Amino acid sequence: MTVVLSIFVFLHVVGAAMIVGPWIANMKKPTVGARQFDGAMTQLVTGIILVGLITVLSKQADSNVASPDYLKLTIKFIIAVVVGALAFVGNRRRKAGEPVAPGLAHAVGGLALLNVAIATIWP
């Protein structure tokens, strides 16, 4: 079961890279790309699965997985939903040929980076 957990952690990190990477690459001319929306959805789906796996594994006697911090996970979930919504809006505007506001593009990347910081710095 820990192998499955590790696979989903890997996919979760890939989702974050799909959001933050293009944001950094397009810093001079900010926009929201299709892969950023895909990364946001990857983050949401794998994050929900990870919460379930961690909850189950933490209850097993022979597991060394700690109990989840639901406050931290709730904050991360809210940020992830906002990132997904903003990436959706930005991607739709880009597809329609409309300009994507720099603030919108920076919000997608910056909030995703904030989520990574919460995941890694918050004990």
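A salt bridge is a side-chain nitrogen of Lys or Arg within 4 Å of a carboxyl oxygen of Asp or Glu.

## The salt bridge

In this predicted model, local features need pLDDT of at least 70, side-chain atom pairs count only at pLDDT 80 or more, and totals for chains, interfaces and linings use all residues. Residues are numbered from 1 along each chain as its sequence is written, and side-chain values use heavy atoms, with hydrogens and water left out.

One salt bridge is found in a search of the whole structure. It joins Arg35 to Asp38, whose closest N and O atoms are 2.7 Å apart. The two residues are about one helical turn from each other because they lie three residues apart in helix α2. An α-helix has 3.6 residues a turn, so residues three or four places apart point the same way. Asp38 is partly exposed, at 27% relative accessible area (buried is under 20%, exposed over 50%, partly exposed in between, with a 1.4 Å probe and protein chains only).

## Helix α4

Helices are DSSP runs of H or I with at least four residues, and strands are runs of E with at least two, numbered from the N terminus. Helix α4 covers residues 102-121. Its 20 residues reach 27 Å from first C-alpha to last, close to the expected 28 Å (1.5 Å times one less than the number of residues).

Among the buried residues of α4 are Leu104, Val108, Ala112 and Ile118. Their cover includes α1 (2-25), α2 (34-58) and α3 (70-95).

## Annotated regions

The unreviewed UniProt entry annotates residues 6-25, 37-58, 70-89 and 101-122 as "transmembrane region"; such annotations may be inferred rather than shown by experiment. Residues 37-58 are 100% helix and 0% strand, with end C-alpha atoms 31 Å apart. Residues 101-122 are 91% helix and 0% strand, and their end C-alpha atoms lie 31 Å apart.

Note on methods. Contact = heavy atoms within 4.5 Å.
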